[in-house]
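Hi there,

Here is the structure I promised to pass along. Have a look at it first, and my notes on salt bridges and a pocket follow below.

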Amino acid sequence: MELDLLDLYRRASEWTSTKVAGAVSKLDAPTSCDGWDVRTLMNHMLETQRYFVGAARGEDVSPPVGTPPDLLSDDPRADFDQARAVTVKTFEEPGVIERTGPALAIAFSDQLLHGWDLAQCTGQGTTMPDGLPEAAYALIHGRFTDDQRKGVFKPEIAVAPDASAQDRLLAYTGRDPSPTA
């Protein structure tokens with residue numbers, strides 16, 4: 001099955017942008033990321049997009065680690081819309097997706113998962129758009145060794161064999177698909 005990574009990224013980042021809009025009045029709310037509030041999570045999301053763009057352009061960039069710098073302006077939705085546009089424009093360039101290997105697949109999955117994180121911690125709807133959790137799960141499941149998971153995902157959570165694609169994706173990345181709030 002051939003996946004259109006650019007379309008997947010667009011759809012996931014559009015959905016995530018709606019979660020950003022719904023979270024701007026809750027920047028101090030805690031998240032499931034240890035010690036991070038919504039503002040810190042959004043800064044991480046922006047930093048991550050900048051990393052993928054820089055790497056795709058051949059710049060000397062390092063993956064985000066630790067607490068991110070403060071990148072949010074007074075208009076987080078505009079910040080995300082601009083980051084999305086730059087990411088799409090970068091990966092639309094001929095040959096970039098092929099040259100960067102799994103980068104756009106990981107960027108897509110990252111957007112989708114962090115959109116869910118924002119939705120979950122700010123009381124918004126958490127149901128991912130049709131087809132996106134299946135695609136993200138197919139792209140990342142089993143692709144990380146235990147060592148690579150450290151600092152990227154929490155330990156995998158067991159789910160029922162008949163769990164939905166969204167629940168399998170969340171559980172694989174250490175997110176509780178049915179948190180009690």
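Which residue forms a salt bridge with D117? The partner is R175, and the closest N and O atoms of the two are 2.7 Å apart. R175 sits in the segment after α8 (165-172) while D117 belongs to helix α5 (residues 103-121), so this pair ties together parts that are 58 residues apart in sequence. Both ends count as buried because they fall under the 20% cut-off: R175 has a relative accessibility of 12%, and D117 has 3%. Before you read on, please keep in mind that this is a predicted model.

The count for the model comes to six salt bridges.

Salt bridges with shared partners join E14, R77, D81 and R84 into one network. Two of its links look like this:

- R77 with D81: the side chains meet in a salt bridge at 3.9 Å, N to O. Both residues lie in helix α3 (residues 76-92), four residues apart, which is about one turn of the helix.
- D81 with R84: here the N to O distance is 3.0 Å. This pair also lies in helix α3, three residues apart, again about one turn of the helix.

R84 counts as buried, because its 17% is under the 20% cut-off.

Helix α3 comes up again in the pocket list. The second largest pocket has a volume of about 230 Å³, and α2 (38-56) and α3 are the elements that give two or more residues to its lining. How many residues line this pocket? There are 13, and those nearest the pocket centre are L46, R50, Q82, A83 and V86. By type, the lining divides into five nonpolar, four polar and four charged residues.

How values were computed:
Residues numbered from 1 in each chain as written. Predicted model: local features only at pLDDT ≥ 70, side-chain atom pairs only at ≥ 80, totals over all residues. Heavy atoms only, no water. Salt bridge = Lys/Arg side-chain N within 4 Å of Asp/Glu carboxyl O. Buried < 20%, exposed > 50% of the residue type's maximum accessible area, 1.4 Å probe, protein only. 1 Å grid on protein atoms, 1.4 Å probe; cavity = no way out; pocket = protein on both sides within 12 Å on 5 of 7 lines; lining within 4 Å. Points joined across faces, edges and corners; volume = space filled by probe spheres on them. Nonpolar A, V, L, I, M, F, W, Y, C, P; charged D, E, K, R; others polar.
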